[in-house]
Amino acid sequence: MSIQEENFKICGLCSQLVDESVVNNETLRSFLGELLNVTEDSLPTKTCLECYKVCSDSDLQNILRFLQALPLAIQDLKN
């Protein structure tokens, strides 16, 4: 990429023009990869503050844990 990433002023998730961006850490990118069923390297490394807050919401992360555990729970009930 010829343009350095720090020069971008567009959110990597919502595509809104932003004045400031937040760097997504590895944990958040891993979570989003699981949630969206995509590889981590296809996710943006920076987002706007609003998207970061939504993605970092613990309720959303609890929902993902529930969805991951659901197939195993259903299988246990069948047995």
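This is a predicted model: local features need pLDDT of at least 70, side-chain atom pairs count only at pLDDT 80 or more; totals for chains, interfaces and linings use all residues.
Residues are numbered from 1 along each chain as its sequence is written, and side-chain values use heavy atoms, with hydrogens and water left out.

**The whole chain**

Begin with the protein chain coloured by secondary structure, where you will find 3 helices and 2 strands, arranged along the sequence as β-α-β-α-α. Helices here are DSSP runs of H or I with at least four residues, strands are runs of E with at least two, and both are numbered from the N terminus. Of the 79 residues in the protein chain, 20% count as buried, a term that means under 20% relative accessible area, with exposed meaning over 50% and partly exposed in between (1.4 Å probe, protein chains only).

Next select Thr 47, which belongs to strand 2 (residues 46-47) and counts as buried because its relative accessibility is 1%. Its side chain is joined to that of Asn 24 by a polar contact of 3.2 Å, that is, a pair of N or O atoms within 3.5 Å, of which, within protein, one must be able to donate a hydrogen and the other to accept it, while residues adjacent in sequence count only if both atoms are side-chain atoms. If residues up to four places away in sequence are not counted, Thr 47 touches Cys 11, Gly 12, Leu 13, Ser 21, Val 22, Asn 24 and Tyr 52, where contact means heavy atoms within 4.5 Å.

From that list, move to Gly 12, in the segment before strand 1 (22-23), which is partly exposed with a relative accessible area of 38%. Leaving aside neighbours within four places in sequence, Gly 12 is in contact with Pro 44, Lys 46 and Thr 47.

**Helix 1 and its ends**

Now select helix 1 (residues 26-36), in which Leu 28, Arg 29, Phe 31, Leu 32 and Gly 33 are buried; what covers these buried residues includes helix 2 (49-56) and helix 3. At the N-terminal end, Asn 25 caps helix 1, with a side-chain oxygen 3.2 Å from the backbone nitrogen of Thr 27. Just after helix 1, look for Asn 37, which takes a positive phi of about 60 degrees.

**Helix 1 against helix 2**

Axes are lines fitted to C-alpha atoms, for helices over the stretch in contact, and angles run from 0 to 180 degrees between N-to-C directions. The contact is made by Leu 28, Phe 31 and Leu 32 of helix 1 and by Tyr 52, Cys 55 and Ser 56 of helix 2.

**Helix 1 against helix 3**

Finally, show helix 3 (residues 58-78), which packs with helix 1 at an angle of about 50 degrees, their axes being 11 Å apart. Here Phe 31, Glu 34 and Leu 35 of helix 1 meet Leu 60, Gln 61, Leu 64 and Gln 68 of helix 3.
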